[in-house]
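Subject: Structure handover

Hello,

Here is the structure for you to look over. My notes on it follow below.

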Amino acid sequence: MAQYPAQLDGVLVALADPTRRAVVRRLGHGPRSVGDLAREFPMTLPSFMKHVRMLESNGLIHTVKSGRVRTCVLNRERLALVDDWLAEQRRIWTEHTDRLEQFVTDPEENRQ
């Protein structure tokens with residue numbers, strides 16, 4: 001985890017908001033225009049754009065403007081950052097629970 005703490009922190013902060021997680025979930029099905037995405041949320045377009053900018057500034061999405069339409073595209077590679085961190089955490093906790101199990105079940109460990 002030490003090699004990417006700032007990037008990971010930004011991604012986790014961006015994903016901490018339920019609106020932004022919903023946007024990421026919807027973009028998982030394919031690119032969508034900002035207007036299409038915004039219609040699904042009970043907020044003004046300027047408020048919704050703050051969420052889009054947060055996702056974009058943390059590398060979770062990128063936007064492409066064509067004429068008057070801005071399209072959002074999910075950056076799946078950036079989500080791999082979270083996946084890698086979670087895999088590391090699973091490994092650490094699995095090792096801890098394996099050692100605990102060995103301590104509890106191994107009679108040699110209990111003698112001191």
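**Sheet**

Strand E1 and strand E3 (residues 69-74) pair in the antiparallel sense, over 2 bridges. Please keep in mind that the model is a predicted one. One of the positions in this pairing is Ser33, whose bridge partner in E3 is Thr71. Arg32 stands opposite Cys72 in E3.

The other pairing is between E2 and E3, again in the antiparallel sense, with 6 bridges. Here Val64 stands opposite Thr71 in E3, and Ile61 has Leu74 of E3 as its bridge partner. E2 and E3 form a hairpin with 2 residues between them. In that turn, Gly67 has a positive phi of about 70°.

Taken together, 3 strands form an open sheet with antiparallel pairing, in the order E1-E3-E2. The edge strands are E1 (32-33) and E2 (61-66), each of which pairs on one side only.

**Ser33**

Leaving aside residues up to four places away in sequence, Ser33 touches Val69, Arg70 and Thr71. The side chain of Ser33 also reaches the backbone nitrogen of Asp36, at 3.0 Å.

**Helices on the sheet**

Helix H2 (residues 18-27) lies across E1, E2 and E3 and runs at about 85° to E3. Helix H4 (residues 45-57) also packs on the sheet, where it touches E2 and E3. The direction of H4 makes about 120° with that of E2.

At the start of H2, a side-chain oxygen of Asp17 comes to within 2.8 Å of the backbone nitrogen of Thr19. The buried residues in H2 are Thr19, Arg20, Ala22, Val23, Val24 and Leu27. An α-helix has 3.6 residues a turn, so residues three or four places apart point the same way. Among the buried residues of H2 are Thr19 and Val23, as well as Arg20 and Val24.

**H2 against H4**

Two packed helices are described by the angle between their axes and the distance between the axes. How do H2 and H4 pack, and what is the angle? The angle is about 70°, and the axes of H2 and H4 are 10 Å apart. That makes H2 roughly perpendicular to H4, because angles of 65 to 115 degrees count as such. The crossing of H2 and H4 is right-handed.

On the H2 side, the residues that meet H4 are Thr19, Arg20, Val23 and Val24. On the H4 side, they are Phe48, His51, Met54 and Leu55. Thr19, Arg20, Val23 and Val24 are also in the set of buried residues of H2.

**Gln7**

Gln7 is in helix H1 (residues 5-15). Gln7 is partly exposed, with a relative accessible area of 40%, because that value lies between the cut-offs of 20% for buried and 50% for exposed.

Which residues does Gln7 touch, not counting residues up to four places away in sequence? They are Arg78 and Leu81. Gln7 and Arg78 are 71 residues apart in sequence, and their C-alpha atoms are 9.3 Å apart in space.

**Chain as a whole**

The secondary structure of the chain comes to 6 helices and 3 strands. Along the sequence, the pattern is α-α-β-α-α-β-β-α-α. The chain has 112 residues, of which 29% count as buried. For contacts in the chain with a separation of 6 or more, residues 24 or more positions apart account for 50%.

Regards

Conventions:
Residues numbered from 1 in each chain as written. Predicted model: local features only at pLDDT ≥ 70, side-chain atom pairs only at ≥ 80, totals over all residues. Heavy atoms only, no water. Pairing = 2+ DSSP bridges. Helix = DSSP H or I, 4+ residues; strand = E, 2+ residues; numbered from the N terminus. Contact = heavy atoms within 4.5 Å. Axes fitted to C-alpha atoms, helices over the stretch in contact; angles between N-to-C directions. Buried < 20%, exposed > 50% of the residue type's maximum accessible area, 1.4 Å probe, protein only. Polar contact = N/O pair within 3.5 Å; in protein donor to acceptor, adjacent residues only side chain to side chain. Parallel < 35°, antiparallel > 145°, perpendicular 65-115°, else oblique. Left-handed = near helix turned anticlockwise from the far one by under 90°.
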